[in-house]
Amino acid sequence: MADPSRLRPDDRADFEAVLHHALGTADIHCALGTDPGGRAAAHLRAHALAHADDIAAAAEVPYRSYRTVRRAARHETRGPLGTGSLVPALAVLTPLVAGTSAAALLLTGGLLHLADALGPLPGSLVAAGWTLALVAAVTGLATLAALLHTALRRRGVPPAADQVEHARLVWRQELLDRGMLPHLRRHLLPHPDTAITPCSPPDTLSPCPARAREDRTPCSD
């Protein structure tokens, strides 16, 4: 059995999107910016892709939930096309066929009565017509009741597509926070000739331009 925490091929695009976002975060982007050749960024990206399963394992719980919701949505989408479509089809067709047949039998029986046809045939046709009319009415009411019950049961339940997208976003956020960023920061090696220091966060002290090449001390004025 395949490891449920392993990243599936159809989720690689999401993984790479999260990786791209993580490489653009302030501290990692600033640290990688000290390597003008871009080799550090390329190495870090390749390392993350090579260890995708290990990184994804940190968000195993939301990933399982996302796959479960997605699988259920796909099954629900395929359901009407499978063997289960026979019952809904019969529920719709039965009152239509019965009603049409009842109208035809009643009309034929009535015409035979008007023509003073002999024998039990006119009466039998009329009786069969009323029987089919009753069948059409009962099956039609049953179908309507089933539709109303389904509508009431699904009231307030978000569509399957919304559930899948929500689970996907939760997984991607957990993958970013618990897997991708810690992994990149652990393997973020400084450039051989440059000391990497974290970028100053917004609205805080920034490096003095005049002294940045010497000691990278922050400006105090």
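**Exercise 1.** Is arginine 8 buried, partly exposed or exposed?

*Solution.* In this predicted model, the relative accessibility of arginine 8 is 35%. Buried means under 20% and exposed over 50%, so arginine 8 counts as partly exposed.

**Exercise 2.** Determine which side chains aspartate 10 meets in salt bridges, and where the partner arginine 74 lies in the chain.

*Solution.* Begin with arginine 8, whose side chain meets that of aspartate 10 in a salt bridge with an N to O distance of 3.5 Å. Then turn to arginine 74, whose side chain forms a salt bridge with aspartate 10 at 3.9 Å, N to O. This second pair links distant parts of the chain, since aspartate 10 belongs to the segment before helix 1 (12-23) and arginine 74 to helix 5 (residues 60-78), 64 residues apart. As for accessibility, aspartate 10 is partly exposed at 39%, and arginine 74 is partly exposed at 41%.

**Exercise 3.** Work out which parts of the chain the salt bridge between aspartate 11 and arginine 70 ties together, and whether its two residues are buried or exposed.

*Solution.* The side chains of aspartate 11 and arginine 70 meet at 2.7 Å, N to O. Because aspartate 11 lies in the segment before helix 1 and arginine 70 in helix 5, the pair ties together parts that are 59 residues apart in sequence. Aspartate 11 has a relative accessible area of 0% and is buried; arginine 70, with 9%, is buried.

**Exercise 4.** State how many salt bridges a search of the whole structure finds, and name the residues of a network joined by shared partners.

*Solution.* The search finds ten salt bridges. Salt bridges with shared partners join Asp14, Glu165, Arg168 and Arg172 into one network.

Notes: Residues numbered from 1 in each chain as written. Predicted model: local features only at pLDDT ≥ 70, side-chain atom pairs only at ≥ 80, totals over all residues. Heavy atoms only, no water. Salt bridge = Lys/Arg side-chain N within 4 Å of Asp/Glu carboxyl O. Buried < 20%, exposed > 50% of the residue type's maximum accessible area, 1.4 Å probe, protein only. Helix = DSSP H or I, 4+ residues; strand = E, 2+ residues; numbered from the N terminus.
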